[in-house]
Every structure is written in C-alpha cells, then in structure tokens.
Amino acid sequence: MVEENKKVDNSAADAEFDWDAFTSEEGFSGGNRTELEAMYDKTLSTVAEKEVIDGTVISLNKREVVINIGYKSDGIVSLNEFRYNPELTVGDTVEVYVESQEDKKGQLVLSHKKARALRSWDRVNSALENDEIIKGYIKCRTKGGMIVDVFGIEAFLPGSQIDVKPIRDYDVYVGKTMEFKVVKINHEFKNVVVSHKALIEAELEQQKKEIIAKLEKGQVLEGTVKNITSYGVFIDLGGVDGLIHITDLSWGRVSHPSEIVELDQKLNVVILDFDDDKKRIALGLKQLTPHPWDALDAEMKVGDNVKGRVVVMADYGAFVEIATGVEGLIHVSEMSWSQHLRSAQDFMKVGDEVEAQILTLDREERKMSLGIKQLKTDPWEGIESKYAVNSKHTAKVRNFTNFGVFVEIEEGVDGLIHISDLSWTKKVKHPAEFTTIGAEIEVKVLEIDKDNRRLSLGHKQLEENPWDVFETIFTTDSVHEGTIVDVFEKGAVIALPYGVEGFATPRHLVKEDGSQAKIDEKLSFKVIEFSKAAKRIILSHSRTFEDVKKAEDTAKKKEAAKSTKKGVKKVKDSLEKTTLGDISELAALKSQMESGKDSEK
C-alpha cells in the first residue's frame with residue numbers, strides 16, 4: 001500500500017511540473033538560451049563532407065579507434081585501417097576523410113584509409129624528392145619481393161632491397177611495419193618502388209670506411225658467414241665482405257664449404273690479402289691453425305708403412321690423406337708390378353682405406369710419394385729359377401704390335417713373342433690372325449732380359465721344327481697336290497699337305513689351256529725351289545705339264561736322230577758295193593730318206 005501511495009504522489013508531481021517554463025528561454029538562469037547556444041557553437045568546428053581533415057585519437061580498443069575532429073560528435077574508424085601503424089596511441093593526430101556528417105543513426109562517418117589514399121601520391125612524391133624516411137606495412141609476398149602498404153598505396157619492395165644480406169625466408173617479414181625510402185615512381189603506371197636496404201647502407205657505408213681504414217694483412221677479425229658458394233664462403237666483417245676461398249678453409253681436402261661452416265655462423269678469420277681499394281678482401285680460416293706437416297711425426301721416414309684414405313683420383317695416380325692436411329701421391333706405376341698401361345681407377349677409388357709404403361719424403365716441400373706394390377714381393381726376384389730358359393708356361397695375351405705379341409705370365413712378368421716365333425708353317429702378317437687379346441697362349445722361354453724386365457718367348461718352339469721333315473718330302477721337282485688360298489699381284493699362296501704353304505709366281509700359275517689359275521682351285525704343283533733356312537717353298541703348276549711335253553719332245557728328237565744315223569750307215573754300205581747299174585736304186589733310197597726327214601718335222 002505504501003508503494004502504491006508513492007507512485008500516486010510521483011505521478012502527481014510530474015503533472016504539476018511546468019514543462020513549458022523548463023524549455024523556454026526564461027528557464028535558464030544566468031543568461032538566455034540563444035546566447036548559450038551561440039557560445040557552444042563557437043566551440044565546434046565547421047565540417048564539410050568529402051574533405052580530409054586532421055583528428056585526434058581519444059580512445060581505441062581491439063576493433064575500433066574513436067577520433068575527435070572538433071565536431072559535435074566523434075567518429076569511429078576500424079582499427080584495420082591503422083594496421084600499418086601498430087604504435088598508434090591515444091593523443092596521436094591522424095588524417096581522416098569525412099564521408100558523412102550523420103548516418104541513419106546520427107553518427108559521424110570517417111575513413112582514415114580514404115584520407116591516406118587522397119593524399120598518398122602527394123606524400124609519396126614528396127618523400128622521393130626530400131629523401132624522406134617513411135613507414136610501410138608489409139602486406140604479402142609476391143614474385144621477386146614483397147607488397148608494402150605506403151600511404152594506402154601498394155608499393156613494391158624487391159627482395160634485394162629488403163636487407164644488405166641475402167634473405168633466406170621472406171615470409172618472416174609479412175605483417176611487419178618497417179621504415180623505407182621511396183627509390184622509384186612510375187607515374188604512368190602508378191608504380192612505386194621502396195627500399196629498406198637503402199636505410200641500412202648509409203649506416204654501413206660509414207662503418208665500412210672505418211673498417212677498411214684499419215685493415216692490415218695478418219689481422220684477425222670476427223665475422224659472420226653471409227653466403228656459401230661452391231668455391232668459397234663470403235664473410236660479413238661488419239659492413240665489409242671478404243671471401244674465404246675453399247682452399248683456405250681447411251688444411252685437408254674440402255669437397256664443399258658447407259662441410260666446414262654454416263650460414264650465420266660467427267668465426268675468426270685472418271686477412272690474407274686485399275686490392276688497392278680494399279674492395280676485394282681475401283680471408284683465411286685454416287691459417288689460424290698450425291700446418292699439419294709441422295705436426296707430422298718426426299720419426300716417420302722412407303720405407304715406413306702408413307695407412308690413409310683416398311681423397312682424390314686422377315688417371316696418373318691417387319692422393320692419399322694419411323693425416324688431416326698431409327697427403328701422399330701413389331703414382332699408377334707404383335700400384336702394380338705390371339708394366340701394362342693402366343688407369344689408377346683400376347686399382348682404387350675415392351674413400352678407400354689403403355696401406356702404402358713411403359717412397360720419398362720431403363718435409364721442406366711438404367711432398368710425399370707412396371707405393372702399394374712394394375708391399376708385395378717383386379716377381380723378378382729369382383726370375384732365372386722361376387722362369388728358366390726353355391721352361392714352358394701359360395700366358396695371357398695383353399697387346400699386339402706389328403712385330404709380335406705382348407703377353408703376361410703373371411702380374412709384373414711380361415714377355416714378347418716375336419711374330420716369326422708364332423708358327424713354323426704359317427706366314428703370319430699380323431698377330432691378330434693368330435690369337436686374340438685376353439686369350440691364353442702356351443709359350444716357351446727363349447731369353448731373359450732382367451735389366452729391362454722382359455722375357456723373349458716363343459710359341460712355335462713348343463713343337464719340333466717340321467722343316468726337318470719337309471726337307472725330305474718337298475724335294476726339288478717333286479709334284480704335290482695343293483690348293484690356292486690367296487692370290488695377289490706378285491703371285492699366289494698354295495696350301496700343301498702337312499699344313500705347310502708354298503708360293504708361285506703368276507707365270508707359274510698358267511694352266512695347260514692357257515688360262516690363269518684362280519683362288520680355291522686344287523691343282524698339281526711341282527717344287528722348283530726349297531729353302532729350309534728361309535722356310536720357303538717355290539712351286540709351279542705350269543712346269544707339271546711343260547716338263548712332260550719337253551721330255552716327250554726330247555725323246556722324239558733322240559729317236560729321229562737314231563733313225564737318221566741308221567740310214568746314213570746303210571747308204572755308206574751301199575756305196576761301197578754299188579755299181580753303175582745301181583744308181584737308180586740309190587736315187588730311190590735317197591728320196592725315201594728325205595721323205596722320212598720331212599715327216600719328222
């Protein structure tokens with residue numbers, strides 16, 4: 001009941017209140033309403049739509065920024081429009097574009113982004129002319145660089161202009177606000193190029209001058225690995241770059257600099273050399289440590305056996321590292337007792353662990369030669385007993401020459417079979433007609449040349465000389481059947497029985513009908529010359545029938561001569577007994593004898 005009474009009293013009070021007097025000018029104490037409104041209006045700025053003015057940030061949160069432009073109400077702008085400026089705080093003066101004095105809700109509508117865009121080209125041009133440092137927001141990555149928001153304009157930041165050192169990860173810059181310089185504007189295409197590197201270079205240039213002025217050969221400096229290439233490492237000495245060549249990284253062999261150093265690694269280096277302008281600086285890393293040859297065991301000497309790893313291969317030999325930075329050369333001739341020309345790759349490869357003997361050692365020149373064949377016994381020691389003259393062995397054909405065959409009986413023991421010692425019977429023009437490379441061949445030791453490490457060998461000597469027998473078979477004027485196996489300008493080669501060959505000149509190859517004998521024809525041949533010393537048999541087919549005819553002619557002549565002799569004797573006998581009456585008979589006998597002579601002719 002009490003509460004209801006109170007409500008009645010309040011409503012009665014409201015009804016008794018004079019609202020007209022309250023809203024009338026007479027209702028304000030100390031002055032009239034018009035004067036107060038005029039005074040209030042003077043505190044407000046005159047704002048026109050579609051213009052850019054400055055405002056003050058009076059508050060901000062995670063989403064919006066409240067800006068006072070001196071108008072009767074404040075404007076609200078999205079915080080996204082200020083992402084290029086993460087340091088924005090209350091009290092900062094910012095430019096805004098008045099889009100509308102009042103929207104449907106009576107709210108002042110402002111835009112910071114449009115304000116920046118309207119003034120952007122003026123500001124960008126001014127920044128270029130005045131070499132001004134400006135701030136920009138890196139929006140995203142693009143081909144070759146980054147896109148930067150500068151005064152609301154999308155400017156291009158080339159990758160090479162981000163920093164003085166190479167950039168390995170562009171993505172770490174996305175979303176960052178950085179300082180830039182405008183380096184190029186293309187008004188036709190509305191393109192803007194900015195650089196952050198230009199700001200750093202100015203500072204580094206001064207540092208560089210100070211460092212270069214103090215450079216001295218032998219000076220040790222601390223640097224940072226800036227870049228690694230196949231030929232060396234670039235070191236940042238604090239604004240000045242120097243190069244450590246791959247050969248100056250380590251006393252040992254280095255395949256690639258990344259085996260020794262890594263990017264951004266800090267290390268001490270020594271200055272080896274530089275040009276007159278000190279723009280090309282040669283640095284060294286291995287020079288900060290003692291040379292391995294200086295630490296080599298003083299007791300090491302020629303004849304000692306050492307172990308090492310093959311680090312470099314060449315056709316002429318292999319370099320073996322027996323300690324870091326200490327290498328010896330095993331020449332290919334010291335890899336095997338064999339004298340055949342071979343490549344070092346036939347014996348070993350990079351990475352192989354080998355044992356070798358020291359052949360030469362020069363500590364001053366820091367050179368060493370090694371050998372591995374010395375670990376095996378020299379096969380030529382005791383050669384006279386192992387491969388005595390007239391002993392028989394099996395060898396492998398290694399090489400041909402026009403004059404013979406080079407063979408190897410065992411590794412390091414070579415010999416030559418002269419072409420004339422290949423066969424007793426065949427005329428071998430080239431060894432390839434008789435054998436093949438890689439084939440095995442039976443040999444007999446004829447002579448030992450220990451000084452030149454060469455054996456004189458024979459193959460035909462494994463058999464008795466068949467010419468001792470041939471001498472009794474192929475006697476002069478004996479006739480044998482043969483086959484023509486080769487024909488050339490000077491004659492033909494005839495294959496005879498028992499595997500022997502003979503030779504006939506063209507005139508001795510004429511057949512009885514006058515034609516010339518051809519290859520593969522099987523004919524009778526007469527031996528007209530036999531030479532055991534020269535192993536030569538001269539043959540003739542023509543003589544087989546010419547000699548027969550000549551013998552027949554000779555027999556006929558002898559018979560005719562005998563008949564004539566008998567006739568003469570008869571005439572003589574008749575003359576002794578003749579008379580004048582027998583003259584007619586004598587004339588008849590004479591005619592008979594003459595007719596006999598004509599028939600013989």
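These legends describe close-up views of a predicted model.

**View 1. A closed barrel of five strands.** The strand order is β11-β12-β13-β15-β14. Pairing within this barrel is mixed. On average, neighbouring strands of the sheet are turned by 55° against each other, with direction ignored. Strands of a sheet pair through backbone hydrogen bonds, in either the parallel or the antiparallel sense.

**View 2. Pairing of β11 with β12 in the barrel.** Strand β11 covers residues 220-228, and β12 covers residues 232-236. The two strands are antiparallel. Four bridges hold the pairing. Ile228 has Val233 of β12 standing opposite.

**View 3. The hairpin of β9 and β10.** Strand β9 spans residues 177-186, and β10 spans residues 191-195. They run antiparallel and are joined by five bridges. Val194 in β10 stands opposite Val182. Between the strands lie four residues. In this hairpin, Lys190 adopts a positive phi near 60°.

**View 4. Ser423 in a loop between two strands.** The loop connects β23, residues 413-418, with β24, residues 440-449. Is Ser423 buried or exposed? Ser423 is buried, because its relative accessible area of 16% falls under the 20% cut-off. Which residues does Ser423 contact, leaving aside neighbours within four places in sequence? Ser423 is in contact with Phe434 and Lys460.

Terms used:
Residues numbered from 1 in each chain as written. Predicted model: local features only at pLDDT ≥ 70, side-chain atom pairs only at ≥ 80, totals over all residues. Heavy atoms only, no water. Buried < 20%, exposed > 50% of the residue type's maximum accessible area, 1.4 Å probe, protein only. Contact = heavy atoms within 4.5 Å. Pairing = 2+ DSSP bridges. Axes fitted to C-alpha atoms, helices over the stretch in contact; angles between N-to-C directions.
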